[in-house]
Amino acid sequence: VFVALPINVMEQETAVPAGRPGQSFAATRPDPAGIAAMTRLLLASTNPAIVAGDDVARAGALGTLVTLAEKLGAAVWFEGLRGRNSFPTDHASARGTLAFDAPGVAKQFADNDLVLMVGGPFFEEVWYAPGSPFAPGTKVLQIEASPSRLAYNFVLDAGVVADVGAGLAALDVALATVADRDFDAAAAKRNAALQALKASDAAAQKARVEKAWARTPTSMARAMAEIRAGTPKDAIVADETITANLDLFKTFTFAGTDDYYSGRGGGIGQGLAGAIGVAVAQPERPVLCLSGDGSSMYSIQALWTAAHHELAIVFVILANREYRVLKHNIDAYRARFDVKSNKPYMHMDLGGPTMGFVDMAKGMGVAGTYVAQADDIKAAVAAAFKTGKPHLIEIEIEGKR
């Protein structure tokens with residue numbers, strides 16, 4: 001945050017006294033007619049899905065969303081770009097993160113006849129591609145606290161402006177007052193299918209980790225498994241893993257709204273600085289900051305701030321010596337627009353010289369550990385947390401394959 005004040009405000013006296021904080025009650029209540037319309041559409045659906053935006057977490061409505069998802073037998077998705085945790089990731093209904101273009105999202109929603117979007121911009125696409133994220137005939141519902149977001153990108157079958165928590169609670173109450181045994185039985189079957197799908201996903205990730213277990217340098221899949229094994233269960237994760245994001249979400253579980261923080265908007269460089277804010281806001285919990293090496297260089301000076309304020313953050317730098325996400329974007333660009341080049345990745349490798357993050361951390365008052373072997377990751381992470389001080393761990397991981 002940058003605050004600019006005129007010089008007279010800073011240096012001259014004023015007769016205007018300091019004011020007292022006021023109380024504003026801005027939570028809007030949902031229109032009953034809108035809730036009734038949503039209820040009718042939900043009861044008529046055969047396979048509903050929910051997209052949980054960041055505002056679910058901000059409203060403290062995670063618990064209500066869990067109840068609603070179970071009542072509907074609905075899959076729950078996160079936006080591709082998100083900053084908070086709005087649904088327990090180990091819940092059977094949690095399906096993961098949406099794709100970054102309309103065809104990818106459409107594929108994920110292919111079997112759903114209704115999608116309820118709650119508290120988000122929906123959808124922030126990284127790559128434009130023609131088409132709708134919804135199949136023809138899919139009913140689209142939306143609950144938003146801000147009128148400007150409602151029906152912003154999509155025609156809605158029902159939309160409600162309301163405080164997100166109040167909107168979800170009203171929808172839950174409305175569904176509870178309707179006795180529909182056939183719908184309840186169908187929802188139970190959907191919940192069982194989601195549970196089986198969750199188990200299948202876990203088995204697939206386990207097989208993926210085992211396949212990559214012995215690779216050198218360390219695979220991202222194994223690195224995440226080892227980092228989690230060394231991290232306290234009550235740790236908050238401040239995330240800027242980007243290309244390791246898939247393995248992060250398939251390895252760590254986030255139960256509450258304050259278990260996970262990241263940045264929105266698609267820019268890079270917020271991870272280390274963001275972890276400072278998390279640690280200041282919640283000093284009673286350990287903080288794990290995960291960042292790629294390229295991303296970390298945008299705000300590496302945050303290490304000095306952590307040392308200065310004695311913030312117990314464990315900074316893990318995943319060093320693949322490249323801007324891997326930019327290489328993936330170049331691949332996508334060339335594939336989409338049939339662009340040829342004899343110079344594969346211009347200025348996207350971080351070598352010549354190799355950056356030494358442990359040395360940089362030491363220069364800013366933060367102790368560091370360099371880890372080249374996967375077998376040493378768990379112990380290094382556990383030891384760093386035990387110090388109760390800021391500590392940086394640089395882990396050599398595999399580059400783009």
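Trainee: Helices (H or I, at least four residues) and strands (E, at least two) are DSSP runs numbered from the N terminus; where is the place of T218 among them?

Mentor: T218 is found in the loop that runs between helix 7 and helix 8. Please keep in mind that this is a predicted model, where local features need pLDDT of at least 70 and side-chain atom pairs count only at pLDDT 80 or more, while totals for chains, interfaces and linings use all residues. Residues are numbered from 1 along each chain as its sequence is written, and side-chain values use heavy atoms, with hydrogens and water left out.

Trainee: Okay, and is T218 buried or exposed?

Mentor: T218 counts as buried because its relative accessible area is 4%, and the cut-off for buried is under 20% (exposed is over 50%, partly exposed is in between, with a 1.4 Å probe and protein chains only).

Trainee: Which residues does T218 touch, then?

Mentor: Leaving aside residues up to four places away in sequence, T218 touches A223, A372, Q373, A374, I377, E396, I397 and E398, where contact means heavy atoms within 4.5 Å.

Trainee: How many residues apart along the chain are T218 and Q373?

Mentor: They are 155 residues apart along the chain, and yet the C-alpha atoms of T218 and Q373 are separated by 7.0 Å.

Trainee: Changing topic, what's the strand order in the six-stranded sheet?

Mentor: The six strands of this open sheet come in the order 3-2-1-4-5-6, and their pairing is parallel; two strands pair if DSSP finds at least two bridges between them. At the edges you will find strand 3 (94–97) and strand 6 (158–161), each of which pairs on one side only. From one strand to the next, the twist averages 15 degrees.

Trainee: And how many bridges join strand 1 to strand 4?

Mentor: Strand 1, residues 48–52, runs parallel to strand 4, residues 114–118, and five bridges join the two.

Trainee: Which strands does helix 4 lie across?

Mentor: Helix 4, made of residues 62–72, lies across strand 1, strand 2 (75–78) and strand 4, and it runs at about 165 degrees to strand 1. Axes here are lines fitted to C-alpha atoms, for helices over the stretch in contact, and angles run from 0 to 180 degrees between N-to-C directions.

Trainee: What about helix 6, which strands does that one lie across?

Mentor: Helix 6, residues 164–176, lies across strand 4 and strand 5 (139–144), and its angle to strand 5 is about 130 degrees.

Trainee: Now the pockets: what volume does the largest one have?

Mentor: The volume of the largest pocket is about 1500 Å³, taken as the space filled by probe spheres set on grid points that are joined across faces, edges and corners. A pocket is an open set of points on a 1 Å grid over the protein atoms alone, with protein on both sides within 12 Å along at least five of seven lines, and lining residues have an atom within 4 Å of a point.

Trainee: Which residues lie nearest the centre of the largest pocket?

Mentor: Of the 50 residues that line the largest pocket, T97, I242, N245, L246 and F249 lie nearest its centre. The elements that each give two or more residues to this lining are strand 3, helix 7 (181–211), helix 8 (220–230), strand 7 (236–240), helix 9 (245–251) and helix 13.

Trainee: Which element gives the largest share?

Mentor: That is helix 7, from which six residues of the lining come; helix 7 is also at one end of the loop that holds T218.

Conventions. 1 Å grid on protein atoms, 1.4 Å probe; cavity = no way out; pocket = protein on both sides within 12 Å on 5 of 7 lines; lining within 4 Å.
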